[in-house]
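Dear colleague,

Please find below the structure we discussed, together with its sequence. My notes on what was found in it follow directly after.

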Amino acid sequence: MMRGAGQSPIIVLSQGTKRESGHQVQVGNINACKTIADVIRTSLGPRAMLKMLMDPMGGIVMTNDGNAILREITVKHPAAKSMIEIARTQDEETGDGTTSVIILAGEVMAHAQTYLEQKTHPTLIIQAYRQALEDMIKWAENKFSRPVDITDDNEIAKVVKSCLGTKMISHWMDLAVNISIEAVKTIRVEKGGHREIDIKRYCRIEKIPGGRIEDSQVVKGVVLNKDILHAKMRRRIENPRIVLLDCNLEYKKGESQTSLEIMREEDISAILEQEEHAIRKQCDEIIALKPDLVFTEKGISDLAQHFLLKAGITCLRRLKKTDNNRLSRVCGARIAHDTSDLREEDVGTQAQLFEVIKIADEYYTYVTSETTTACTVVLRGPSKDVINEVERNLQDSLHVVRNVMINPKLVPGGGALEMALSREIEEQGAKMDGVKKWPYKAIGLALEVIPRTLIQNCGGSTIRRMTELRAVHAQDAKNWTFGVDGTTGDLVDMNKLEIWDPLAVRIQVLKTAIETSVMLLRIDDIVSGTKKAVGGEKQEVMPH
């Protein structure tokens, strides 16, 4: 309500609109972020607890992957929603560090509360936070990181091990490390001096329940959950010629509704002949190229199947678009949109082997080649839940290998980097003057949440260990690699434990956490309109 010149109320916002503004909103946002961070807090580090989440359909997810947990939780508060978004951003950008980013963002927000209560203007806090972020990125890149030799598999293996040490798959560490490194090396492509590692498109994870986790492997090529169309088609072909299509091999129906009126009996056979002729023409265009295999994204009619079988061609239908793209990377074929467009250069000849294998009750088609730049990771395991968790862990480790290959620098794990940065900020903050120095130093305190949580999660004495850790970092600048051993809660030099994270992941954690906090602190008004209750409110009971 606003009052105009004549003091009569002017209604600006529609009726039923709720509005919160000022300090109340900021406190509300901070509490929402703290709550989300508390949910995730126990999932950090090697002694992490798992969360069991049930969706409305009764399906369960068991995981300690921050992103997976938050994806399943439904929240109402708008600030909490943006916290969940940052876990997704972190996952898409770097694939790891989802738990850390939420905990850090929650802590950064909590530290702002003190200053807001002292009536410090949010803009000053934000400027200090931004300044701290720039300084931290600079220090992390130049002072607290070391280069890594990406041609040496052992070096990369150390990084992957520190990523997987906190996950469920850590029992099969060597297997997981080998799979990750081999898969990323397979899909690595150099284009004009630029490295491209596209995990999403060219590294597929195929989950096959049954067998042991040790049976998992990387297949250089494509694995499809498909069987051949006809029992007489060949199930194994060496060095096949492959044609990829994304069109139907069946008679095309008319676009608009057509009705035929048939007067004579001969006309029926004429119409059927026409259909047959159209399909025959398509098949002849394919047969002319003498392929051994035909894959299409759409359907293949019985008639087309018959013609192709007579020509000795094996065919598979209804592939996913993504699988077709991977197949073209494996065999070098170009996907044709119409059989009349097929040329000799569209045929793929780089695949070395095609075979259909029966695993458990299902048939799987393998198209493999040693020189390919697309791969499939076949995961085996006792149950669906286990395989799903292993898949989530592998996704993280694949991204870690990718991050190291693209930006070959490492930073110490176990909260060592955070403590080193915290100390630098403390020193830098002491030299600053004005109101800004306090929120600037608060970022240093917020960073301590990572080592502190690691100690808490393995049941260590938090105050004692944190005091020791601060002292070690303050004693000597060379101690920047000292952090917390997540399994015992003791202080350890990360060089000994060999726990190193890719620089890209930690910097993304800092950026995402602080940027989000800054964004949420700038909110001073929440206006929420209420929906009109039209039919949506009444719940009808369905008759059984």
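Beyond its neighbours within four places in sequence, T481 is in contact with P412, A416, V492, D493, M494, N495 and W500. Please bear in mind that this is a predicted model. T481 belongs to the loop that links α16 (462-475) with β20 (482-484). With a relative accessible area of 5%, T481 counts as buried, because the limit for that term is under 20%.

P412 falls within strand β19 (residues 409-412), and W500 falls within β22 (500-502). The sheet in question is open and has 3 strands in the order β6-β19-β22, with antiparallel pairing. Its edge strands, each pairing on one side only, are β6 (146-147) and β22. Between β6 and β19 there are 2 bridges, and R146 stands opposite L410 of β19. Two helices pack on this sheet. Helix α6 (residues 153-164) touches β6, β19 and β22, and its direction makes about 95° with that of β22. Helix α18 (residues 503-521) touches β19 and β22, at about 70° to the direction of β22.

A further open sheet contains 4 strands, ordered β11-β17-β16-β12 and paired in the antiparallel sense. Here β11 (221-224) and β12 (236-238) are the edge strands, each with pairing on one side only. On average, neighbouring strands of this sheet are turned by 20° against each other, direction ignored. The antiparallel pair formed by β11 and β17 (residues 362-368) has 4 bridges, and V223 has Y366 of β17 as its bridge partner. Helix α11 (residues 321-331) lies across β11 and β17 and runs at about 145° to β11.

Finally, there is a helix pair to report. The axes of α7 (residues 173-187) and α12 (residues 384-406) come within 9 Å and cross at roughly 55°, which means that α7 is oblique to α12. The crossing is right-handed. On the α7 side the contact is made by A176, I179, S180, I181, A183, V184 and K185, and on the α12 side by L394, S397, L398, V401, R402 and M405. These contact residues divide into 9 nonpolar, 2 polar and 2 charged.

With kind regards

Methods:
Residues are numbered from 1 along each chain as its sequence is written. This is a predicted model: local features need pLDDT of at least 70, side-chain atom pairs count only at pLDDT 80 or more; totals for chains, interfaces and linings use all residues. Side-chain values use heavy atoms; hydrogens and water are left out. Two strands pair if DSSP finds at least two bridges between them. Axes are lines fitted to C-alpha atoms, for helices over the stretch in contact, and angles run from 0 to 180 degrees between N-to-C directions. Contact means heavy atoms within 4.5 Å. Buried means under 20% relative accessible area, exposed over 50%, partly exposed in between (1.4 Å probe, protein chains only). Angles under 35 degrees count as roughly parallel, over 145 as roughly antiparallel, 65 to 115 as roughly perpendicular and the rest as oblique. A crossing is left-handed if the near helix is turned anticlockwise from the far one by less than a right angle, and right-handed if clockwise. Ala, Val, Leu, Ile, Met, Phe, Trp, Tyr, Cys and Pro count as nonpolar, Asp, Glu, Lys and Arg as charged, and the others, Gly among them, as polar.
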